Amino acid sequence: MTQSHDDDEMLAAELALGLLEGDERDRVQRRAATDPGFAGLVRGWETRLSTMADLPPVTAPFSVKAALMADLFPETVKPPIWKRLGVWQALTGGAVAVALVLVLTLTPLRGPNTTGPLYTAEITSDIGDFRVVAVVDKSRQEVILTRTLGGAPEGRILQVWAHGPDEPAQSVGLWPAGESIRLPLPPDIAAVRGTLTLGVSEEPPGGSLTGSPSGRVFGTVDIANVIGAG
Amino acid sequence: MTEAKEGDRADNTPPPQDRVEGLIARVSLGERAALAELYDLTSAKLYAVSLRVLRERQSAEDAMHDTCVKIWKNAGRYRVTGHSPMTWLITIARNTAIDRLRARRSHAHVGDYEDTLAAPGQTPEQATIAASDARRIVACLDTLPEDRRAAITGAYLDGQSYAELAEAAKVPLNTMRTWLRRGLIALRECMDR
């Protein structure tokens with residue numbers, strides 16, 4: 001076993017234990033989100049360590065379940081942003097993407113010299129043939145996307161889109177090839193506060209000619225509570 | 001004693017893996033009834049984790065709430081993580097409880113702890129371990145020198161930082177880092193054997 005493999009193992013274990021702090025934690029977390037091999041090491045440690053928390057069950061008070069249900073499912077549920085917008089809906093032919101967002105880290109617990117938060121989200125096609133994990137890094141104002149399933153058809157490329165609440169989608173950049181891509185956020189997108197919507201479509205080489213998605217939109221995801229630039 | 005009361009040990013049979021997995025899949029599609037069913041099936045295991053980490057009922061209940069919200073929102077990520085279903089759920093419960101514990105530590109005055117109730121029967125010494133995997137990690141932890149074992153459980157179940165672990169063991173931080181790394185390597189070798 002090589003030295004660097006051992007180092008990776010220990011970094012993965014330290015991440016799973018929660019022992020990393022500050023910039024180092026951000027860096028390693030980012031790596032876990034973008035490097036499948038490293039993510040596997042983290043998963044291995046999470047699995048080993050989780051058996052320490054495999055304890056005899058204790059019945060929780062019913063009030064916990066009641067409060068949970070009331071909190072998650074209040075009577076009035078607003079339609080998702082893309083439905084209100086109609087933009088993506090028209091382009092996806094009514095396809096509903098399974099959209100899931102995980103906020104990895106938020107700033108409040110850290111000191112004044114912090115980096116921005118990191119949001120991870122997954123863009124999944126409704127028929128399950130396409131998946132992309134997206135990491136929005138507000139400290140660098142960039143988005144890192146990694147394909148975990150599917151891709152552009154032969155002779156086509158991927159294009160990444162984004163918009164803020166009630167705004168039209170604009171291009172973040174082209175994704176001509178490769179498993180992963182890192183794209184700087186355009187200033188308008190970096191400035192979005194609140195819900196940031198990301199989407200991926202397939203387009204002719206060179207990108208959409210219309211300025212809006214013209215090919216199939218694989219899916220979109222809403223990332224809630226995004227903080228704006230600067 | 002026939003009636004299940006709050007805080008009682010519940011039935012110790014582990015929730016069936018395929019059923020939990022099916023429920024997570026339905027939760028990822030936004031099915032509310034599936035979340036309620038998943039809660040009924042797994043909440044006692046997850047509440048046990050919250051109680052063990054936070055050692056205080058109100059915090060454990062709050063952490064449980066946060067854990068379930070995360071499960072609801074992130075169920076679609078379950079497959080991507082490649083975990084077994086209970087590992088995934090327990091890891092979320094543990095991480096959520098640790099976050100809450102650390103937030104409490106960074107804000108609380110020492111006196112605030114005095115009124116809190118200790119969680120019933122949830123110290124590692126008293127806990128009987130549930131699954132064979134859990135017995136295995138305990139057996140493997142037992143093969144480690146005491147200081148290394150304490151460092152690993154202190155980090156995982158009590159959310160201690162390197163600095164806190166070093167202070168508790170009265171050793172320099174780099175020594176603690178070395179102990180912990182050696183402990184983890186030995187633990188991995190023992191568990192993967």
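Hi everyone, and thanks for coming. Please keep in mind throughout that we are looking at a prediction. I'll start with each chain, then turn to where they touch, and finish with a few individual residues.

Let's begin with chain A. Its secondary structure comes to 7 helices and 9 strands. The chain has 230 residues, and 40% of them are buried. If you take the contacts in chain A between residues at least 6 apart in sequence, 59% of them join residues at least 24 apart.

Now chain B. Taking its contacts between residues at least 6 apart in sequence, 67% join residues at least 24 apart.

Next, the place where the chains meet. Chain A brings 39 residues to this contact, and chain B brings 60. Which elements of chain A supply at least two residues each to the side that touches chain B? They are helix H1 (3-17), helix H3 (36-50), helix H4 (62-72), strand S1 (98-105) and strand S2 (118-124). By residue type, that side of chain A divides into 25 nonpolar, 7 polar and 7 charged.

You'll find B:Met64 in helix H3 of chain B, residues 57-74. Is B:Met64 buried or exposed? There are 27 other C-beta atoms within 10 Å, and 20 or more is what it takes to be buried, so B:Met64 is buried. Leaving out residues up to four places away in sequence, B:Met64 touches A:Ala60 and A:Val64 from chain A, together with B:Ser43, B:Leu46, B:Tyr47 and B:Ser50 from its own chain. For B:Met64 and B:Ser50, the separation along the chain is 14 residues, and their C-alpha atoms are separated by 6.6 Å.

Let's stay in chain B and look at helix H1, residues 17-28. With 12 residues at 1.5 Å a residue, H1(B) should span 16 Å, and its end C-alpha atoms are 17 Å apart, which agrees. The buried residues here are B:Val20, B:Leu23, B:Ile24, B:Val27 and B:Ser28. Looking down the axis of H1(B), these buried residues fall within an arc of 140°, so they line one face of the helix. Just after H1(B) comes B:Gly30, with a positive phi of about 90°.

What does H1(B) meet in H2(B)? First, the geometry: the axes of H1(B) and H2(B), the latter spanning residues 32-54, come within 8 Å and cross at roughly 150°. The crossing is left-handed. From H1(B), the residues involved are B:Arg19, B:Val20, B:Leu23, B:Ile24, B:Arg26 and B:Val27, and they meet B:Ala34, B:Leu35, B:Glu37, B:Leu38, B:Leu41 and B:Thr42 in H2(B). That contact divides into 8 nonpolar, 1 polar and 3 charged residues.

Back in chain A, we can look at helix H2, residues 22-34, in a similar way. Its 13 residues should span 18 Å at 1.5 Å a residue, and the end C-alpha atoms are 19 Å apart, which agrees. The buried residues of H2(A) are A:Asp26, A:Ala32 and A:Ala33. Seen down the helix axis, they fall within an arc of 125°, so they line one face of H2(A).

Now for some backbone angles. Most residues other than glycine have a negative phi. A:Gln141 has a positive phi of about 55° although it is not a glycine. Where does A:Gln141 lie? It sits in the loop between strand S3 (131-137) and strand S4 (142-149) of chain A. A:Gln141 is partly exposed, with 17 other C-beta atoms within 10 Å. In chain B, B:Arg55 also has a positive phi of about 55° without being a glycine. B:Arg55 lies in the loop between H2 and H3 of chain B, and with 19 C-beta neighbours inside 10 Å it counts as partly exposed.

My last stop is A:Asp222, in strand S9 of chain A, residues 217-226. A:Asp222 is partly exposed, with 19 other C-beta atoms within 10 Å. A:Asp222 and A:Gly164 are 58 residues apart in sequence, and their C-alpha atoms are 9.3 Å apart in space.

Key
Residues are numbered from 1 along each chain as its sequence is written. Chains are lettered from A and ligands numbered from 1 in the order in which they are written. This is a predicted model: local features need pLDDT of at least 70, side-chain atom pairs count only at pLDDT 80 or more; totals for chains, interfaces and linings use all residues. Axes are lines fitted to C-alpha atoms, for helices over the stretch in contact, and angles run from 0 to 180 degrees between N-to-C directions. Helices (H or I, at least four residues) and strands (E, at least two) are DSSP runs, numbered from the N terminus. A crossing is left-handed if the near helix is turned anticlockwise from the far one by less than a right angle, and right-handed if clockwise. Two residues are in contact if their C-beta atoms, placed from the backbone, lie within 7 Å. Ala, Val, Leu, Ile, Met, Phe, Trp, Tyr, Cys and Pro count as nonpolar, Asp, Glu, Lys and Arg as charged, and the others, Gly among them, as polar. The expected span of a helix is 1.5 Å times one less than its number of residues. A residue is buried if 20 or more other C-beta atoms lie within 10 Å of its own, exposed if 12 or fewer, and partly exposed in between; C-beta atoms are placed from the backbone. The arc is that of the directions from the helix axis to the C-beta atoms.
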